Amino acid sequence: MNRIKIRRAQISDAEVVAHLWHNYDLYEHHLDKRIEVVSEISYEKQFLEIMQNESSIVVLAECDSAVAGIIDYAVYSRGKLKIGTLGNLFVLDEFRGKGIGSELSEYVLNKIKRMECDFVNSGVRANNKEAQKFWEKRGFKIDFDSMANCSMRKELK
Ligand SMILES: CC(C)(COP(=O)(O)OP(=O)(O)OC[C@H]1O[C@@H](n2cnc3c(N)ncnc32)[C@H](O)[C@@H]1OP(=O)(O)O)[C@@H](O)C(=O)NCCC(=O)NCCS
């Protein structure tokens, strides 16, 4: 049985976060060639900016002490609405099918619910049917669908 630990990313995780985001974009590039994949150093800079501005919270999953997956989330207000937004859920290939994606999503959805958000959005590439099924199973519905992207929403109130 694998031991899965979910925790908030720290500045010292910059290298591993960059590695996961780089692999996420490689995966996305495979789905849509217009997605640009930049060097791991650029993802590291992006992560350090996020940590400095606290614009979103990056969460990591460790499987038997190895960093295996990532997700990030943010909460913002629009008028009277409080909205949660999810980004970049990714589990390294060799760790898939062990429940890590489920634990990461459950962790961030609980955090967002506790912040009394009205709903939570997740952007998914239109041709990523696996990811759409993943979010549908967790209560999300397609909110709008365009040629390249679809936005999925889960009502929380
Ligand atoms: C989607 C993803 C995060 C799921 O992570 P995971 O750790 O394999 O997920 P889990 O083990 O918790 O399994 C969740 C579901 O994923 C599916 N799954 C299981 N093994 C899988 C595998 N090897 N490959 C793809 N999907 C798999 C199953 O449908 C499973 O459904 P279940 O809930 O009926 O068991 C992962 O496949 C991934 O990183 N995909 C590429 C990036 C991506 O598409 N991200 C989502 C963008 S919004």
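Analyst: Two strands pair if DSSP finds at least two bridges between them. Helices (H or I, at least four residues) and strands (E, at least two) are DSSP runs, numbered from the N terminus. This is a predicted model, in which local features need pLDDT of at least 70 and side-chain atom pairs count only at pLDDT 80 or more, while totals for chains, interfaces and linings use all residues. Residues are numbered from 1 along each chain as its sequence is written, and side-chain values use heavy atoms, with hydrogens and water left out.

User: Which residue stands opposite Leu81 in E4?

Analyst: That residue is Arg78. Strand E3 (residues 66-78) and strand E4 (residues 81-91) pair in the antiparallel sense, over 9 bridges.

User: What is the strand order of the open sheet?

Analyst: The order is E1-E2-E3-E4-E5-E7-E6, which gives 7 strands with mixed pairing. At the edges are strand E1 (4-8) and strand E6 (141-145), each of which pairs on one side only. On average, neighbouring strands of this sheet are turned by 25° against each other, direction ignored. For such angles, axes are lines fitted to C-alpha atoms, for helices over the stretch in contact, and angles run from 0 to 180 degrees between N-to-C directions.

User: And what holds paired strands together?

Analyst: Strands of a sheet pair through backbone hydrogen bonds, either parallel or antiparallel.

User: How do E4 and E5 run, parallel or antiparallel?

Analyst: E4 and E5 run parallel and are joined by 4 bridges.

User: How many residues of E5 are buried?

Analyst: In E5, 6 of its 7 residues are buried, where buried means under 20% relative accessible area, exposed over 50%, and partly exposed in between (1.4 Å probe, protein chains only). E5 is also joined to strand E7 (residues 149-155) by 7 bridges, and these two run antiparallel.

User: Now the ligand, please. Which residues come nearest?

Analyst: Of the 20 residues around the ligand (a heavy atom within 4 Å), Leu89, Gly99, Gly101, Ser102 and Lys137 come nearest. A polar side-chain atom of Ser102 lies 2.5 Å from an oxygen atom of the ligand. For Lys137, a polar side-chain atom is 2.4 Å from a ligand oxygen atom.

Methods: Polar contact = N/O pair within 3.5 Å; in protein donor to acceptor, adjacent residues only side chain to side chain.
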